[in-house]
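Subject: The structure you asked about

Hi,

Here is the structure, ready for you to open next to your notes. Have a look at it first, and then read on for what turned up.

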Amino acid sequence: ALAGDTADAERPVFEDEPFDDSFWSAEDAAAHFGVAKSTITRKIKADELVGFKFFKNALYVPKEQVEGKTLVKGISDVLKMFNSEHYEAWQFLTADVFHGEPLPRPLDRLRSAKGDSLQDVLSEIKVAAKGYEIGDHM
């Protein structure tokens, strides 16, 4: 099953397409990467790419996890922290969980990580994710 299938009832379902350009459809993501739609679906199932069902049960991929033609490193690690709950992981990645710091969102921290510092960033994110799951973000 695709990521997010079990919690679909908890999320709003809209009758039309996303109103901004922060998401790709699975087809658009495939075109961006120059691969088949099935490759995108497979990457989502393998927790290599964040994707979830949203508008009219269509599969959507947040664009912000991509830099050029590459995925931001560490996305798959964060998905594992959230037990493959793609929607929850994306909410965490784009939340200001590091209050008062220059890079408050976990996604921004992953983007800035270079080389060996990725493991340090992932360690910080793992601690923040535990607090986020408990409800520190509310």
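In which sense do E2 and strand E3 pair, and over how many bridges? They pair in the antiparallel sense, and 2 bridges join E2 to E3, which covers residues 59-62. Please keep in mind that this is a predicted model.

First, the overall picture. The protein chain holds 6 helices and 5 strands, and along the sequence these follow the pattern β-α-α-β-β-β-β-α-α-α-α. Of the 138 residues in the chain, 43% are buried. The accessible surface comes to about 7800 Å², and carbon and sulfur atoms account for 51% of that. If you take the contacts between residues at least 6 apart in sequence, 59% of them join residues at least 24 apart.

Now back to the sheet. It is an open one made of 3 strands in the order E1-E3-E2, with antiparallel pairing. Strand E1 (23-25) and E2 stand at the edges with a single partner strand each, so one side of each has no neighbour in the sheet. E1 is joined to E3 by 3 bridges, and these two strands run antiparallel. You can find the pairings residue by residue as well: Ser 25 stands opposite Tyr 60 in E3, while Lys 53 has Leu 59 of E3 as its bridge partner.

The side chains of E3 are worth a look on screen. In a regular strand, side chains alternate between the two faces of the sheet. In E3, Leu 59 and Val 61 point one way, whereas Tyr 60 and Pro 62 point the other way, and all of them are buried.

There is a helix to look at here too. Helix H1 (residues 26-33) lies across E1 and E3, and runs at about 95° to E1.

You will find Gly 51 in the loop between helix H2 (37-45) and strand E2 (52-53). Ala 26 is 25 residues from Gly 51 in sequence, yet their C-alpha atoms are 8.4 Å apart in space.

Happy to go through any of this with you.

Best wishes

Note on methods:
Residues numbered from 1 in each chain as written. Predicted model: local features only at pLDDT ≥ 70, side-chain atom pairs only at ≥ 80, totals over all residues. Heavy atoms only, no water. Helix = DSSP H or I, 4+ residues; strand = E, 2+ residues; numbered from the N terminus. Buried < 20%, exposed > 50% of the residue type's maximum accessible area, 1.4 Å probe, protein only. Contact = heavy atoms within 4.5 Å. Areas by Shrake-Rupley, 256 points an atom, 1.4 Å probe, with all protein chains shown as cover. Pairing = 2+ DSSP bridges. Axes fitted to C-alpha atoms, helices over the stretch in contact; angles between N-to-C directions.
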